[in-house]
Number of protein chains: 2
Amino acid sequence: MAALLKTSYPWIKLPLIVSAPMLNAATPALAASVSQAGGIGFLAGGTKPAELDNLLTKTTALFGAKSQHRRGSNQVLPIGVGFQNWGCDLDAMSPIFRKHCVAAIWLFAPKQLSDFSSWAREIRSASGGRTQVWIQVGTVLEALEVMRLARPDVLVVQGTDAGGHGLRQSASIISLLPETIDALKAAGYPNVPVLAAGGIVEARGVAAAHTLGAAGVVMGTRFLAADEAGIARGWQNEIIRVGDGGTSTKRSTLCDRLKETIGWPEHYDGRAITNKGHLDEDSGLSDAESVRLYKEELKNGDEAWGDHGRMVTYAGTGVGLIKVRKPAAQIVQETSNGALEILRRGAGVPDSKL
Amino acid sequence: MAALLKTSYPWIKLPLIVSAPMLNAATPALAASVSQAGGIGFLAGGTKPAELDNLLTKTTALFGAKSQHRRGSNQVLPIGVGFQNWGCDLDAMSPIFRKHCVAAIWLFAPKQLSDFSSWAREIRSASGGRTQVWIQVGTVLEALEVMRLARPDVLVVQGTDAGGHGLRQSASIISLLPETIDALKAAGYPNVPVLAAGGIVEARGVAAAHTLGAAGVVMGTRFLAADEAGIARGWQNEIIRVGDGGTSTKRSTLCDRLKETIGWPEHYDGRAITNKGHLDEDSGLSDAESVRLYKEELKNGDEAWGDHGRMVTYAGTGVGLIKVRKPAAQIVQETSNGALEILRRGAGVPDSKL
């Protein structure tokens, strides 16, 4: 299945590392660096076609300067774009799919799963079949439904350790991935490449995902601490500072409420580093007062971040494994090569060497 | 590290499979079968010394009939016993440690972590150093504290996917295991074997745990559906029936409240298959009424189990990967051999073969 990915995305190196389409954080420079290093970099599509147009024009220019990474024989821009579908207008976005033909469009969190059908149809039509459709799911049931409704070219299976938005209730990839892969096989979809997301930040997680049956992995939190990430330095500092991600992060809808984001389907929330905002919520502080304090603190810039503050600090449980800021290309190469090395030596289990 | 385990437990086969000390479920027949198949089987110590004495006498008899598995050169019974320490009296249990010298005693959930010190000291003293001390933790912080306080011979690191009791808030082993292993190394404990627990039910999970750095794995839920498990057939049927463990199970203290178990330290709860009991709780049913209905339903035997009922159906998120009841020995062998096979072929990643 990993080999199949290489046919669709000829520039990639295996094991495949994908950078998640994180809103604002996933800059053109981040996406381009990841793809140029042998991964697949994603931009976040957002909700405004003109802004996405602008991001894609910038990304195209980054490839233009390096001819070896210029669009392949099928003239596809070797990155992807991800959407949080509940807030997006397909008719408004479709001209962008036609203008900038990207390698993949990643769909996630629609108002209802059936919305994936029209998105998949339009993406394939607008790109003449050159843009592949990726869909993110978080349960076995969703995976089967999504295959039936939209036949994505790639399924991204996100476990509950992931930072940022995901299902309120789900399993880690440790059990979710093999169960999903078995269910896909049993339902007659044995050939869809499945990528693992959630809690993976370095080589060991990538190797583990492959033993679980993944064809590649997606990392979000690790790329938040990439040089190219478009986030506040205060947030990056927190990613590097915080350890013990199982207790220092939690899933909640608080971050959406602080940002006054309305419209997430109710079975989603987001994992973030806990701070004063979460503590005050547990103590009964009203949303109105929380929002007021949050807006007040926004004025303090990088100083506002930390466990004394209320900044929205999305991060997955793997945050404790991230100790330094690095260029995105280095993250891709170290993680992929490190995973290959672990798999080559059979994880060091005695007698497991060939 | 896996090789180190083989020195301490000479009968084991690698990768090591351990059956968890599940109260009542972990029968003498289950523990003995697991150890005889090359794993390490555990009994649950419970709270009553006379009952544990009886269980250990029965288990000893099972080994007596098979000379090749009779106590090794150091006269140790090749199984372990696990305690939920908050409810246990060390002085009362200590004579049992002296009478039946088991290979390992597994400690978990004390009133305070410092209780592990006196338990570890007494176990080592009572057994003349022949019984090894295992301690279960669920965060990086706990792992470091426990090493400092009690220097266990083996650390069991349990992720949040696990069935039954565990920390209310923690990460999956996908990130918890590598972060813990790195922290142990940095703190000067590079040589303690770390076993992974939580969401592992078959070969792929075992292989994944090893790529994450585990020296072996613990499985609970998988052994609930072993022929030898001491649980109701209704419970076993649920383990086999239920899929999509991330949504069909959840963490809650409801099960303790239904069973009127008082005393779990407040940072623990338990993962179980959700049923009518959970739904009614969400709708505001009082504990008193829940308990009354639960006791009523207990009278219905195996018929009481299922999503229409209130039976306490502990299971981890891996429950959906369990499709058939099997002898425990077969579980151990298939899982261990299967994991070795996956590690040998480098998880099928192209170019990962030697």
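Predicted model: local features only at pLDDT ≥ 70, side-chain atom pairs only at ≥ 80, totals over all residues.

Visitor: Where in the chain does A:Ile239 lie?

Guide: A:Ile239 is part of helix α10 of chain A, which covers residues 233-241.

Visitor: And which residues does A:Ile239 touch, leaving out those up to four places away in sequence?

Guide: Among them are A:Thr221, A:Leu224, A:Ala225 and A:Ile273. A:Ile239 also touches A:Tyr314, A:Ala315, A:Val319 and A:Ile322. Take A:Ala315: it is 76 residues away from A:Ile239 along the chain, yet their C-alpha atoms are separated by 7.1 Å.

Visitor: Next, sheets. How should I think about them?

Guide: Here is the general idea: backbone hydrogen bonds pair the strands of a sheet, in either a parallel or an antiparallel way. In chain A, 8 strands make an open sheet with parallel pairing, in the order β1-β9-β8-β6-β5-β4-β3-β2. At its edges are β1 (16-19) and β2 (42-44) of chain A, each of which pairs on one side only. On average, neighbouring strands of this sheet are turned by 25° against each other, with direction ignored.

Visitor: Which helix packs on that sheet?

Guide: Helix α6 of chain A (residues 140-150) does, touching β5 (132-137) and β6 of chain A. The direction of helix α6 makes about 155° with that of β5(A).

Visitor: How many bridges join β6 to β8 in chain A?

Guide: There are 4 bridges between β6 (residues 154-158) and β8 (residues 194-197) of chain A, and the two strands run parallel. For one pair you can look up yourself, A:Val156 has A:Leu195 in β8(A) as its bridge partner.

Visitor: What about chain B: is its sheet open or closed?

Guide: In chain B, 8 strands close into a barrel, again with parallel pairing, in the order β1-β2-β3-β4-β5-β6-β8-β9. Within chain B, β5 (residues 132-137) and β6 (residues 154-158) pair over 4 bridges, and B:Gln136 finds its bridge partner in B:Val156 of β6(B). Helix α2 of chain B (residues 28-36) lies across β1 (16-19), β2 (40-44) and β3 (77-84) of chain B, at about 165° to β2(B).

Visitor: Let us step back to chain A. Into which domains is chain A divided?

Guide: Domain 1 takes in 2-231 + 324-348, and domain 2 takes in 233-318. Their C-alpha centres lie 25 Å apart. Where the two domains meet, 26 residues of domain 1 are in contact with 24 residues of domain 2. Together they bury about 2,300 Å², with 58% of it on carbon and sulfur atoms. On the domain 1 side, A:Trp86, A:His165 and A:Arg168 lose the most area, together 30% of what that side buries.

Visitor: How many salt bridges cross the interface between those domains?

Guide: The rule finds 0 there. Across the interface of chain A and chain B, however, it finds 2. In one salt bridge, the side chains of A:Asp182 and B:Arg204 meet at 2.7 Å, N to O.

Visitor: What else can I read about where the two chains meet?

Guide: Here 50 residues of chain A are in contact with 50 residues of chain B. The chains bury about 4,100 Å² between them, and carbon and sulfur atoms give 62% of it. In chain A, A:Ile174, A:Arg204 and A:Thr211 lose the most area to chain B, together 16% of what that side buries.

Definitions and conventions
Residues numbered from 1 in each chain as written. Chains lettered and ligands numbered in written order. Heavy atoms only, no water. Contact = heavy atoms within 4.5 Å. Pairing = 2+ DSSP bridges. Axes fitted to C-alpha atoms, helices over the stretch in contact; angles between N-to-C directions. Domains from an automatic or database assignment. Buried area = accessible area lost by both parts, 1.4 Å probe. Salt bridge = Lys/Arg side-chain N within 4 Å of Asp/Glu carboxyl O.
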